[in-house]
Amino acid sequence: MKMTEERIRPVGLMAINREMARQHADAIASYETAQPMAAKAAASLKRTGRLLLIGMGGSHAVNRAVESLYRALGIDAVALPLSEQLGQPLPTVGRTIFVTSQSGESAEVVRWFDETGGTPETFGLTLEGSSFLARAAPSLIGAGGTELAFAATRSLTVTFALHLAILAALGEDPQASLAVLKNPQDHDITAALAALQNVATVVTSGRRLQGVAEALALGLTELSRRPCFSLEGGQLRHGPMEMLGPEIGVVLFRGLDETAGLVTATASSAVETGAPVILFDASGQAPVAGAVTIRFAPATGLAAIFAMLPVAQRLMIAFADARVENAGTPVRSTKITRSE
């Protein structure tokens with residue numbers, strides 16, 4: 001193909017690539033600079049023993065991913081979309097509240113503080129130190145400033161790093177996670193992308209890593225404009241397996257934890273339907289016959305998330321780039337959602 005005939009990479013995807021290129025460095029810086037405020041958030045959790053995580057979009061996906069990590073420490077943690085907390089609220093008394101918004105300016109964030117005034121045990125997690133959220137509550141501030149590209153990539157990784165600082169302040173060992181951030185491993189996505197070449201849409205799923213699956217489904221939907229969605233592994237089993245077949249791609253996440261066997265069983269069942277199956281695998285277990293497996297060093301929790309997420313992001317971008325002429329440029333949305 002002549003140079004003049006080569007397809008020019010969409011501006012929106014180039015913007016996403018710029019964000020992704022610095023996400024590891026920004027995540028490490030975020031972990032280090034957030035430690036004083038993380039200690040205060042951890043002290044609050046020790047006082048209350050209860051945590052409500054609220055946010056929208058990618059922020060909610062992060063909350064879903066870390067929900068189980070706080071529960072593993074004996075904290076009664078619940079992640080809700082902020083819109084749901086506004087319309088049908090859980091009681092906030094006696095709970096530590098983490099309000100997450102990468103911009104700190106989302107409509108729901110502003111309304112929640114306007115209506116509740118916040119609470120003494122409310123903390124913000126944001127990338128923008130001058131935002132409404134950062135002014136409204138003591139906040140952990142991610143490094144690198146506001147994410148400019150449309151779909152969340154760097155903001156997810158940075159926000160996970162802020163949670164790593166809180167979990168470390170609660171006594172978790174951060175070294176495995178930091179090692180992944182400092183030495184990211186590249187993985188070939190060619191076979192995975194080829195497997196998804198002819199699908200109409202993608203469903204993502206996990207068990208302990210369900211929050212990562214939800215983050216990927218959101219990004220796939222935003223960038224490819226296909227109705228990609230996520231179902232927790234058990235929920236996928238209870239009826240929705242009926243949709244599976246050659247036109248439905250399945251992307252699963254398996255980590256080194258006690259739910260790995262359930263993910264394996266789902267992968268095997270999905271393969272039997274004829275659906276192309278991609279398995280992001282940090283379990284250390286044997287590959288699933290018939291699935292395209294992207295293998296990572298055995299890991300769990302945030303270490304598994306930090307390893308898998310950038311590779312899943314590259315697959316997400318390539319999937320969209322093959323289907324949408326101007327992928328990464330929103331046509332019906334804005335980066336910061338200021339209306340409900």
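These legends accompany several close-up views of one predicted model. Residues are numbered from 1 along each chain as its sequence is written, and side-chain values use heavy atoms, leaving out hydrogens and water. Because the model is predicted, local features need pLDDT of at least 70 and side-chain atom pairs count only at pLDDT 80 or more, while totals for chains, interfaces and linings use all residues.

**View 1. Arg154 and Glu19 pair in a salt bridge between two helices.**
Here the closest N and O atoms of Arg154 and Glu19 are 2.6 Å apart; a salt bridge is a side-chain nitrogen of Lys or Arg within 4 Å of a carboxyl oxygen of Asp or Glu. The pair links distant parts of the chain, with Arg154 in helix α8 (residues 154–169) and Glu19 in helix α1 (residues 11–21), 135 residues apart. Helices (H or I, at least four residues) and strands (E, at least two) are DSSP runs, numbered from the N terminus. Arg154 is buried at a relative accessible area of 0%, and Glu19 is buried too, at 4%. As a guide to these words, buried means under 20% relative accessible area, exposed over 50%, and partly exposed in between (1.4 Å probe, protein chains only). Searching the whole structure gives 15 salt bridges.

**View 2. Arg254 and Asp281 join two strands.**
Arg254 sits in strand β8 (residues 248–254) and Asp281 in strand β9 (residues 277–281), so their pairing ties together parts that are 27 residues apart in sequence. The N to O distance in this salt bridge is 2.6 Å, and both Arg254 and Asp281 are buried. Elsewhere, salt bridges with shared partners connect Glu19, Arg22, Asp26 and Arg154 into one network.

**View 3. Glu67 and Arg71 form a salt bridge within one helix.**
Their closest N and O atoms are 2.9 Å apart. Why can they pair along the helix? Glu67 and Arg71 are 4 residues apart in helix α4 (residues 58–72), so about one helical turn separates them. Glu67 is buried, at 5% relative accessible area, whereas Arg71 is partly exposed, at 47%.

**View 4. Helix α1 packs against helix α14.**
The angle between α1 and α14 (residues 301–321) is about 175°, and their axes are 12 Å apart; axes are lines fitted to C-alpha atoms, for helices over the stretch in contact, and angles run from 0 to 180 degrees between N-to-C directions. That makes α1 roughly antiparallel to α14, where angles under 35 degrees count as roughly parallel, over 145 as roughly antiparallel, 65 to 115 as roughly perpendicular and the rest as oblique. From α1, the contact uses Leu13, Ile16, Asn17 and Met20, and from α14 it uses Pro310, Gln313, Arg314, Ile317 and Asp321. Contact means heavy atoms within 4.5 Å. These residues divide into 5 nonpolar, 2 polar and 2 charged; Ala, Val, Leu, Ile, Met, Phe, Trp, Tyr, Cys and Pro count as nonpolar, Asp, Glu, Lys and Arg as charged, and the others, Gly among them, as polar.

**View 5. Helix α8 also packs against helix α14.**
The axes of α8 and α14 are 11 Å apart, at an angle of about 175°, and the two helices are therefore roughly antiparallel. On the α8 side the contact includes Leu156, Phe160 and Leu164, and on the α14 side it includes Leu302, Ile305 and Phe306. Its residues comprise 9 nonpolar, 3 polar and no charged.

**View 6. His187 lies in the loop between α9 (175–182) and α10 (190–195).**
Is this residue, His187, buried or exposed? His187 is buried, with a relative accessible area of 17%. A polar atom of the His187 side chain lies 3.2 Å from the backbone oxygen of Arg295. Apart from neighbours within four places in sequence, His187 is in contact with Ile294, Arg295, Phe296, Val311 and Arg314.

**View 7. Ser30 is found in helix α2 (residues 23–33).**
At 0% relative accessibility, Ser30 is buried. Leaving aside neighbours within four places in sequence, Ser30 is in contact with Gly142, Ala143, Val158, Ala161 and Leu162.

**View 8. Arg225 has a positive phi.**
Most residues other than glycine have a negative phi. For Arg225, phi is near 60°. Arg225 is in the loop between α11 (210–224) and β7 (229–230), and is partly exposed at 34% relative accessible area.

Definitions and conventions. Polar contact = N/O pair within 3.5 Å; in protein donor to acceptor, adjacent residues only side chain to side chain.
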